[in-house]
Amino acid sequence: MSAETAKSSTESDISGLDYEETELKLGLPGSSRIAGSELERKRGFSETVDLKLGGSGGCNLDYLTAESSDTRSSAAVKLPANKAQVVGWPPVRSFRKNALKSCTYVKVAVDGAPYLRKVDLEMYGGYQQLLNALKEMFSCFTIRNSPNNNERRLVDPLNGTEYVPTYEDKDGDWMLVGDVPWKMFVASCKRLRLMKSSEAVNLAPRAAQIG
Amino acid sequence: MGGGGWAAEAMFPDEVWEYVFSFVEADADRNAISVVCRGWYRIEGRCRRRIFVGNCYAVSPAMALRRFPEIKAVTIKGKPHFADFNLVPSDWGGGAAAWVEALAETCPQMEELRFKRMVVTDDCLELIGRSFRNFKVLSLASCEGFSTAGLAFVASNCRNLRELDLQENDIEDNCSHWLSHFPESFISLMSLNIASLDGEMNYSILERLVSRCSKLKTLKLNHSVPLDRLASILCKAPQLIDLGTGRFSADSRPELFEKLESSFTGFTGLKCLSGLYDAVPAYLPTIYSVCDGLSSLNLSYATLQSAELTKLITRCKNLKRLWVMDLIEDVGLEAVASSCKHIEELRVFPFDPYDAEPVSLTERGLVIVSAGCPMLRSVLYFCRQMTNAALITVAMNSPSLTCFRLCILEPQTPDYLTQQPLDIGFSAIVQSCKDLRRLSLSGRLTDRVFQSIGAYANQVKMLSVAFAGDSDAGLHYILSGCRSLKKLEIRDCPFGDKALLANAAKLETMRSLWMSSCSISLGACRLLAQKMPRLNVEVIDERWEGSLESRPNDCLVEKLYIYRTVAGRRSDMPACVWTV
């Protein structure tokens, strides 16, 4: 898979930009688009009705090769900007949507990895279990305990890069995982991010800030 | 056989022909018999035992029963398929009452009723319970309008009930103890599917019912049945073939684990497993003993991570059908492709359909399964990215596909590597898969793909199109080709009047056409209705009020549902539906 087109959400998160704003929009005809052929051709019905569309597929396909590779359309339909407003899309039955909507999952992002995972925080009894689960999920990691405080870090043994588990709380602040009592964490955590320790310098734990 | 119809018929008494015809079961074949001559039409009509009504408004109950007075089994479908995705107004129609009332009056011998996407009221259920002495099978799928009080009536009155199948219905729960209405003497149940019931119920009653119905083969519970209850229930039904569990999670309790494990070990021949709502890894090993025998596994509600899903699925070496969520990821599908060589049907559902973030399930997973599973016939795949190359590979790996439904979550997504439309990919699918019967398209598509579809998709009976095409030509290609097309549903495509009107005759060869958010004008609808008296052209528009007469020809209709019918226009339309 092309690395260029696999957008990493984590880079955009650092600067605080919304993911949607920074991604390339492989978007709708008519909206601002990526580079492609500027040829805009609406093929009217009358132009095509002359084609010999005979019974067993004996149609004249020559005109296909004559066209440029990226035909844009001036389609009459436009999608609203907010995807959630498109009724009935994606085509998932309400029964299924209702069955899964009570899920208490949070997304887990790892710096440098293109894909997110999801975890159900309510499945774990405490921080150690959560860390073990993260370690299993991103199976390259091992856990290293930081000597000076309660911080735990995950290490990628291939290159020694340390990752610090952080989370975004209800107020939108990014905090170090482990700061608050477990239950409070579960209630306030909106998403998790395994941040490279070099990036995490701004997130000093509260304890260290005192005095 | 054959020869001059009149003479041939007179050769044997009717009973002989009836006996001969009884060996012919397929509807298409029975229909063929009935057009040989008047005599056979009459005889066949009298001895037909089951009918399938694909559109409840295509024929009136009276007409159907006049022709087939001795039927014992009826299957009827109501609302258009897109009703599943909230595109059809809730009061559009599809009421079962007219049918149930007619059947109650003329067919006391009725044994099996199957309704899909219909409005079934408690009155209907009551009528069923009262009218049919030997009633055996009630199957309601994606229906609404009834409550557990209606079910209570069925339970207490249908003494010979064999099958109660409630699949994905919207059921009001006003009688939570309805199960206790099955009398103690009632033991005939062979199949019970209550997965769509929302609330709790009396589990002791359920357990007693299961334990006295020794012929029970199918049992599908709802998510409220806790794991310990499941263990006790399963002990009483080791003969089950098809099981749907309830909630598959509990605190870590060794004695529960053991009890559950021994229930599963007790199964003599479990073939299908589903449910597993909110499954937790800790209890999955209890299932291991049945994995080898499973031919169908539905994990589409199991919110497990890829590793756990894979661990379970790779034990099921004889699996033919697998339903799972995209939590399985490409790596999981890779493991499935190497362990489960007999897979015929794969469905991958999105865990979080509105999530725009990339997930680890891509086109790679589909390609790997198509490469590793030579028996693959049916695919439903939700993903976020696709390439033409992947589609071409799937087409070459799986030329025997009969059903291919791809849903790329973001509309109009092109090939992410080349930025090209996915025309070539889908064209490869229809050219290679000559037995394709059902096709759903997605992604960025131009009119070109429809040209291929029209030309090559000769067996496709049902086609679903969304956010695709450039012009009327697209629709024209479909309607002027696609020899076997019966159901066409289109949404948000720039298809307009010309293609529709030029292919009016085609519409009578099809069951139905749905078009919403396209470019069809009211004038075209009027013209079509005028030209084709045996079509009902229903205009559905929730913005409009009152009569259509004053509306100009050039205004675009929001939604359009056209279907062939011999029953004329229906009389139960709500305010937002007009038959033009």
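User: What are the ipTM and pTM scores of the model?
Analyst: The model is predicted. Its ipTM is 0.89 and its pTM is 0.82.

User: And what pLDDT does chain B average?
Analyst: Chain B averages 95. A score of at least 70 is reached by 98% of its residues.

User: Why does pLDDT matter for reading coordinates?
Analyst: Where pLDDT is low, predicted coordinates should not be read in detail.

User: How many helices and strands does chain B have?
Analyst: Chain B has 22 helices and 23 strands. Its radius of gyration is 25 Å, close to the 25 Å from the globule rule for 580 residues, so chain B is as compact as a globular protein of that length.

User: What box do its C-alpha atoms fill?
Analyst: Roughly 70 × 65 × 55 Å, along the principal axes.

User: How much of chain B is buried?
Analyst: Of the 580 residues in chain B, 62% are buried.

User: What about contacts across the sequence of chain B?
Analyst: Take the contacts with a separation of 6 or more. Residues 24 or more positions apart account for 70% of them.

User: Where do the charges of chain B sit on average?
Analyst: Chain B has 64 positive and 67 negative charges. Their mean positions are 7 Å apart.

User: Switching to chain A. How many helices and strands there?
Analyst: Chain A has eight helices and seven strands. Buried residues make up 40% of its 211 residues.

User: Which share of its contacts joins residues at least 24 apart?
Analyst: In chain A that share is 51%, counting contacts between residues at least 6 apart in sequence.

User: And the accessible surface of chain A?
Analyst: About 11,900 Å². Carbon and sulfur atoms hold 52% of it.

User: Back to chain B, one residue. Where is Val120(B)?
Analyst: Val120(B) lies in the loop between β3 (112-116) and α7 (122-131) of chain B.

User: Is Val120(B) buried or exposed?
Analyst: Buried. Val120(B) has 0% relative accessibility, and the cut-off for buried is under 20%.

User: What does Val120(B) touch, leaving aside neighbours within four places in sequence?
Analyst: Its contacts include Ala96(B), Phe115(B), Leu125(B) and Leu140(B). Val120(B) is also in contact with Cys143(B), Glu144(B), Gly145(B) and Phe146(B).

User: How far is Ala97(B) from Val120(B)?
Analyst: Their C-alpha atoms are separated by 6.9 Å. Along the chain, Ala97(B) and Val120(B) are 23 residues apart.

Terms used:
Residues numbered from 1 in each chain as written. Chains lettered and ligands numbered in written order. Predicted model: local features only at pLDDT ≥ 70, side-chain atom pairs only at ≥ 80, totals over all residues. Heavy atoms only, no water. pLDDT = per-residue confidence, 0-100. Helix = DSSP H or I, 4+ residues; strand = E, 2+ residues; numbered from the N terminus. Rg over C-alpha atoms; globule rule 2.2 N^0.38 Å. Buried < 20%, exposed > 50% of the residue type's maximum accessible area, 1.4 Å probe, protein only. Contact = heavy atoms within 4.5 Å. Lys, Arg positive; Asp, Glu negative; His and termini not counted. Charge placed at Lys NZ, Arg CZ, Asp CG, Glu CD. Areas by Shrake-Rupley, 256 points an atom, 1.4 Å probe, with all protein chains shown as cover.
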